[in-house]
Amino acid sequence: MFDAFTEFFSAFTALAVAYYAIRAHRVLEDSRMLALNLGFAILGAGMLLHGGIKVKIALAVLSGVKTPPARMLPEVRIGYVIAFATQFAAYILILIAMLAGERRFEESLLIPPLAIPLIEYDARTEGLLALLTALIAIRAGLSYSESDSKWTALVAVGFALMALSHALLVFGGPRLLVTAGISRLLGFACLLWMLVGVSRVGE
């Protein structure tokens with residue numbers, strides 16, 4: 001139940017990241033900020049839908065309405081498929097933007113088709129998301145070692161926390177939903193802190 005409200009709040013945080021990313025782009029004129037903007041707008045929309053469905057079910061349970069387990073409800077499964085698809089698209093988009101300077105953009109788009117079942121909090125789906133966010137965190141960490149910028153460090157820490165949230169679901173499953181949700185929210189907060197700071201520096 002707490003996880004439902006955490007995800008709903010995380011969705012609004014993701015949309016705030018998208019908003020400040022476009023403001024940061026105006027200051028830095030960095031195409032990676034556009035990728036963050038589009039990526040987190042997509043991610044936030046998917047999480048808002050999935051979280052909204054879960055909040056609706058949680059409120060129904062609190063009001064005494066008999067409800068089957070959330071994972072058995074078709075709308076929750078549909079919501080998760082959409083949430084997974086938006087997260088996958090967002091992470092790929094951001095990873096491509098971060099690697100664009102090292103590889104041809106067209107080559108970065110050659111992504112193998114998914115051959116995993118889209119089951120809510122399945123170890124394989126969460127493992128894929130953990131891998132993508134870990135790659136982004138590693139790339140940001142390498143950039144930090146070259147620039148020694150606190151803003152880049154916040155990006156690395158933010159995506160590392162997001163990777164941790166997915167990894168927790170890989171190894172702990174639904175019983176670690178709350179911990180994973182908090183880790184994800186902290187990751188979003190790091191990115192939001194970075195973007196707000198960059199935007200203010202340029203004012």
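The following dialogue explains how to read several features of this predicted model.

Q: How much of the chain counts as buried?
A: Burial is judged from relative accessible area, and a residue under 20% counts as buried. Here the chain has 203 residues, of which 45% count as buried.

Q: What share of the contacts joins residues 24 or more positions apart?
A: Here one looks at contacts in the chain with a separation of 6 or more. Residues 24 or more positions apart account for 75% of these contacts.

Q: How is the packing of two helices described?
A: Two packed helices are described by the angle between their axes and the distance between the axes. Consider helix α5, residues 123–147, and helix α6, residues 150–172. Their axes cross at roughly 160° and come within 7 Å. Angles over 145 degrees count as roughly antiparallel, and α5 is therefore roughly antiparallel to α6. The crossing of this pair is left-handed.

Q: Which classes of residue make the contact of α5 with α6?
A: Sorted by class, the contact of α5 with α6 has 18 nonpolar residues, seven polar residues and one charged residue.

Q: At what angle do α2 and α3 pack, and how far apart are their axes?
A: The axes of α2 and α3 are 8 Å apart, and the angle is about 165°. That angle makes α2 roughly antiparallel to α3. The crossing of α2 and α3 is left-handed. By class, 19 nonpolar, six polar and two charged residues form the contact of α2 with α3.

Q: Are α3 and α5 roughly parallel or roughly antiparallel?
A: The angle is again the quantity to consult. Helix α3, residues 74–99, packs with α5 at about 25°, and the axes lie 10 Å apart. Angles under 35 degrees count as roughly parallel, so α3 is roughly parallel to α5. The crossing of α3 past α5 is left-handed.

Q: Which residues make the contact of α3 with α5?
A: On the α3 side, the residues include Tyr80, Phe84, Phe88, Tyr91 and Leu95. On the α5 side, among them are Leu128, Leu129, Leu132, Ile136 and Arg139. By class, the contact of α3 with α5 has 15 nonpolar, three polar and two charged residues.

Q: How many salt bridges does the whole structure hold?
A: For a salt bridge, one looks for a side-chain nitrogen of Lys or Arg within 4 Å of a carboxyl oxygen of Asp or Glu. A search of the whole structure finds one salt bridge. Its partners are the side chains of Glu7 and Lys54, with an N to O distance of 3.1 Å. Glu7 belongs to helix α1, residues 2–28, and Lys54 to helix α2, residues 31–62, so the pair ties together parts that are 47 residues apart in sequence.

Q: Are Glu7 and Lys54 buried or exposed?
A: Glu7 is buried, because its relative accessible area is 4%. Lys54 has a relative accessible area of 11% and is buried.

Q: Where is Ile96, and how accessible is Ile96?
A: Ile96 is placed in helix α3. Ile96 counts as buried because its relative accessibility is 6%. Between Ile96 and Arg32, 64 residues apart in sequence, the C-alpha to C-alpha distance is 9.2 Å.

Notes: Residues are numbered from 1 along each chain as its sequence is written. This is a predicted model: local features need pLDDT of at least 70, side-chain atom pairs count only at pLDDT 80 or more; totals for chains, interfaces and linings use all residues. Side-chain values use heavy atoms; hydrogens and water are left out. Axes are lines fitted to C-alpha atoms, for helices over the stretch in contact, and angles run from 0 to 180 degrees between N-to-C directions. Helices (H or I, at least four residues) and strands (E, at least two) are DSSP runs, numbered from the N terminus. Angles under 35 degrees count as roughly parallel, over 145 as roughly antiparallel, 65 to 115 as roughly perpendicular and the rest as oblique. A crossing is left-handed if the near helix is turned anticlockwise from the far one by less than a right angle, and right-handed if clockwise. Ala, Val, Leu, Ile, Met, Phe, Trp, Tyr, Cys and Pro count as nonpolar, Asp, Glu, Lys and Arg as charged, and the others, Gly among them, as polar. Contact means heavy atoms within 4.5 Å. Buried means under 20% relative accessible area, exposed over 50%, partly exposed in between (1.4 Å probe, protein chains only).
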